[in-house]
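Below is a short report for a reader who is new to this structure. Please look over the sequence and the model first, then read on.

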Amino acid sequence: MELNHLKVTYEEHIAILTLDSPPANALSSAMITEMRATLQQIENQSDVHAIILTGAGKFFAAGANIKEFVPAMGDYQKGIDMSKAGQDLCNELEAMKKPVIAAINGPALGGGLEVAMGCHYRIASDKATVGLPEVKLGLVPSFGGTQRLSRITGVATALELILTGKHIDSHQAQELGIVQVTVAADELMTTAKTIAHSFVEGNSMQSVTRAVESVVQGARRSFADGLQRENEIFGELFLTDDAKEGVQAFVDKRKPDFRHQ
């Protein structure tokens, strides 16, 4: 499909998705549609091993396109549909079998932070800020923010951030576990690529994708159900050529020759 709000580039088995809707990369319905379609396409590209999501210009994403809310106000179903579209996008990011890294280059507010929290790993520029200011509009975070933030920071801290609507800088976000790494702005993409490669280089993509699946699905289940899924995945990997090669290479004290099968 033609992309008008998103740029996609490829570099050494990494797909780089750049939100590109000036001036603030607002998450319009059109951008959400493009992102969902692009993620589905990338999921099926065997030569892509990891994904980096970032923003063009000074913003990562400044939230939803509020102008789209105006004609929908007073319509319950339209509110439900807008929330569901954003939730589906974030769920699809989280469910990607390839590692997805958010490289937060600037403000990630409202839906922008919610999209970043749907990614598996988050790196922030020291110029970035994050926040969920929806209460200032008489609304609540609706792309999964009330659920994911509380699971990251705990209920009390999530409520503080949501009810005050305040913005915090990247260092504070790192202290709370919202981002994993904070780096200088000019090092952001280099660091993101280095981390992406560290997740996949030298590994079988079979084990990488199944590890992502096990962790993400386990986080949504009870501990017992998560253990059961881990057990099943481990058994299924015993059937793969890559696992046989990896185990034999370890015994032979040599580097494995993974064919990703």
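## Salt bridges

A salt bridge is a side-chain nitrogen of Lys or Arg within 4 Å of a carboxyl oxygen of Asp or Glu. This is a predicted model: local features need pLDDT of at least 70, side-chain atom pairs count only at pLDDT 80 or more, and totals for chains, interfaces and linings use all residues. Residues are numbered from 1 along each chain as its sequence is written, and side-chain values use heavy atoms, with hydrogens and water left out.

The structure holds 16 salt bridges. One of them joins D88 and K84, at 3.0 Å from N to O. D88 and K84 are four residues apart in helix α2, so about one helical turn separates them. Helices (H or I, at least four residues) and strands (E, at least two) are DSSP runs, numbered from the N terminus. D88 is buried, with a relative accessible area of 18%. K84 is partly exposed, at 43%. Here buried means under 20% relative accessible area, exposed means over 50%, and partly exposed lies in between (1.4 Å probe, protein chains only).

## Links across the chain

R36 forms a salt bridge with E92; their closest N and O atoms are 2.6 Å apart. This pair links distant parts of the chain: R36 sits in helix α1 and E92 in helix α2 (residues 76-95), 56 residues apart. R36 is partly exposed at 24% relative accessibility. E92 is partly exposed too, at 22%.

R148 and E94 also meet through their side chains in a salt bridge (3.3 Å, N to O). Elsewhere, a network of salt bridges links R210, E213, R229, E232 and E236.

## Helix α5

Which residues of helix α5 (residues 155-164) are buried? They are A158, L161 and I162. Seen down the axis of α5, these buried residues fall within an arc of 95 degrees, so they line one face of the helix. The arc is taken from the directions from the helix axis to the C-beta atoms.

The buried residues of α5 pack against α4 (145-153) and β8 (167-169). Contact means heavy atoms within 4.5 Å. On the other side of α5, A156 and L163 are exposed. Just after α5, G165 takes a positive phi of about 65 degrees.

## The cavity

The structure holds one cavity of 30 Å³ or more. The largest cavity has a volume of about 40 Å³. On a 1 Å grid over the protein atoms alone, a cavity is a set of points where a 1.4 Å probe fits but cannot get out; lining residues have an atom within 4 Å of a point. Grid points are joined across faces, edges and corners, and a volume is the space filled by probe spheres set on the points.

Residues lining the largest cavity include L113, V130, L161 and K166. By class, its lining has seven nonpolar, one polar and one charged residues. Ala, Val, Leu, Ile, Met, Phe, Trp, Tyr, Cys and Pro count as nonpolar, Asp, Glu, Lys and Arg as charged, and the others, Gly among them, as polar.

## Backbone notes

A cis peptide bond joins P22 and P23, with omega about 5 degrees. P23 lies in the loop between β2 (14-19) and α1 (29-43).

H13 is not a glycine, yet its phi is positive, near 70 degrees. H13 lies in the loop between β1 (6-11) and β2. K253, also not a glycine, has a positive phi of about 60 degrees. K253 lies in the segment after α10 (241-252), and at 77% relative accessibility it is exposed.

How values were computed:
1 Å grid on protein atoms, 1.4 Å probe; cavity = no way out; pocket = protein on both sides within 12 Å on 5 of 7 lines; lining within 4 Å.
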